[in-house]
Amino acid sequence: MKSFLENTWKHRAHVIMALPAFLILFFIMYVPMAGLVMAFKNFDFSKGIWGSPWCGFNNFKFLLASKNTFFTMTRNTLLYYLLFTALGTFLNVVLAIAIDQFLFKRLAKTMQTIMIIPVFISYAAVQFIVYAFISTDTGIINNTMGANIRFYSTASWWPLILTIVKMWKDVGYGSVLYMSVLAGIDTELYEAAQIDGANKWKQIIHITIPALIPMITVMLLLSVGNVMRSDTGLFYQVTRNSGTLYSTTQVIDSYVLNAIFKNSNFGFTSATSFFQSIVGLLMMLFANGVVRKVSPDDALF
Amino acid sequence: MSKRKGNAADLAPSKKEKKGIGQYILGFFLFLYTLFCGLPILLVFIAAFSDEKAITQNGFSFFPEKWSLAGINSVLRYGSQLLTSYGVTIFVTVFGTFLGLLVMSMFAYSISRKDFRLSKFLSIYLLIPMLFNGGQLSGYVIFTSYYHLKDSLWLLILPLCVTTMNVIILRTYIANSIPNELMEAAKIDGAGEYRTFFQITLPLLKPSLAAVGFMMATAYWNDWQNALLYITTDRKKPLQLLLINIQKSIEFLLNNANVPASARAAMGGNIPQYSSTMATVLIVIGPIMIVYPFFQKYFVKGLTVGSVKG
């Protein structure tokens, strides 16, 4: 203990340097964690979190009683997570390999620059772009096809629309990470394979993809903790928060955001938040545990 | 990635490999995907310079019947608000990015000191928020009714300021790319801890700072959620919130056919129209698109070196 204190004193400069970030994390991330006790309270704004009376598991009873709302948004959250993660990872890898294999490097770089741009556009702006394509009267899709589809009031279209928008926005950027791995593969491996008579496909399957596996693992692992969280902007902005679409577009995060604005139903919402945080934590621990078994080097902790 | 540009030979494939028909097919698909990514953005440009009537009658189009500057001009009607919002967004972006980079790199530097025993605790402390967090609702309640920061710019700055991922990227860069001997040598030469950090480590950290900084700046520039949750005064509205407000007022007009004509007239120039809305979008996303190509090489490199974890 004494030596620990001595060590800390010797490193007091480092303690001071770490302090600002420590404090910001404390006030922005750690204190709200304590706020999760709201889930077990009958929250009243005027009494504050600590002053509100306890109510045991009452809020969670609401959750289960309101089957539709809760199950729909949980289902949507999970399914979109699975869809976006699976399809996103697949497309990231395919695009990274495609660009890597393309021999006209200058051209590839220019194309890549354009592919990455969408990630830098906020959903508040993306929303207007999507509108230009799918609005009923002025939308490009309805006009070129001579159709009259009312996208903004037809829930069944949205899984497709949201997937396209999400992939449009993120795949170009997501592939950069994988490309950086590909750039690190020793070219001698390919040359050796060529001498052994392996064609391009064989090289990709036996050299390129195995080289990407660790990065894919880490990225999936990192994403698993967010299984209950969504890209709020996608579900809140792009759908214009339209109530008629909720059956396919409402996710936990957008529900909570709405509840905050309506200033209502905090018991239900806090129980949902609690559920969201706990599931996230468990998934993260689980995923990390699995990875630590399979390949310890890629585990996060 | 590190190839020098401006060399005509780069346009041709490298000598060793022949470009077969496969290369052209691959190129074709990549080109299609590039169009898929680029065309929606091009549409923003085109719509911003399209004639309003052409859009209302024929819909949005890549080939508008008539071009017009009216959209861009009418954006100036938002005039002072647009200017204010630009100011707020720029301030938050610049201040937040610099603050974040400073405190995160100091933190990353501290926890990468090998004989610093507290660093183990600090690393865990850093990691926990990635595993577990309080969620939006309790954040909202804490920030507004305990910190009393409603309508404060701090709530646009602090929540995006320190993120676990970015600290890890910086720490990995320090551990892998900055030789420890260098810092030892500085110490032997009599430089204090702070001087070592600011004069040796920080300059060497530049590529990683550029990468992380650019990603942070984009996050700040594009942040709409905190603004929507916390900012109420016009004077403090960032650009993204302005965009959201425009959309809301369009919706209001669409959903309320019975808004009296006099009220419409009173709103006069403020009734947002297609071309002027797109012009606003263009003005909001423009700066990032102009700056981004200059940073591209940094964040590709920064991501490469920092990879994901240490």
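Predicted model: local features only at pLDDT ≥ 70, side-chain atom pairs only at ≥ 80, totals over all residues.
**Domains and chain contacts**

Local features need pLDDT of at least 70 and side-chain atom pairs pLDDT 80 or more, while totals for chains, interfaces and linings use all residues. Residues are numbered from 1 along each chain as its sequence is written, and chains are lettered from A in the order in which they are written.

Q: How many residues does the contact take from domain 2 of chain A?
A: Two residues are in contact if their C-beta atoms, placed from the backbone, lie within 7 Å. Domain 1 of chain A gives 5 residues to the contact, and domain 2 of chain A gives 7 residues.

Q: How many residues does the contact take from chain B?
A: Here we look across the two chains. Chain A brings 78 residues to the contact, and chain B brings 89 residues.

Q: Is helix α15 of chain A parallel or oblique to helix α5 of chain B?
A: Helices are DSSP runs (H or I, at least four residues), numbered from the N terminus. Axes are lines fitted to C-alpha atoms over the stretch in contact, with angles from 0 to 180 degrees between N-to-C directions. The two helices, α15 (residues 266-294) of chain A and α5 (residues 135-146) of chain B, pack at about 120 degrees, with axes 7 Å apart. Since angles under 35 degrees count as roughly parallel, over 145 as roughly antiparallel, 65 to 115 as roughly perpendicular and the rest as oblique, α15(A) is to α5(B) oblique.
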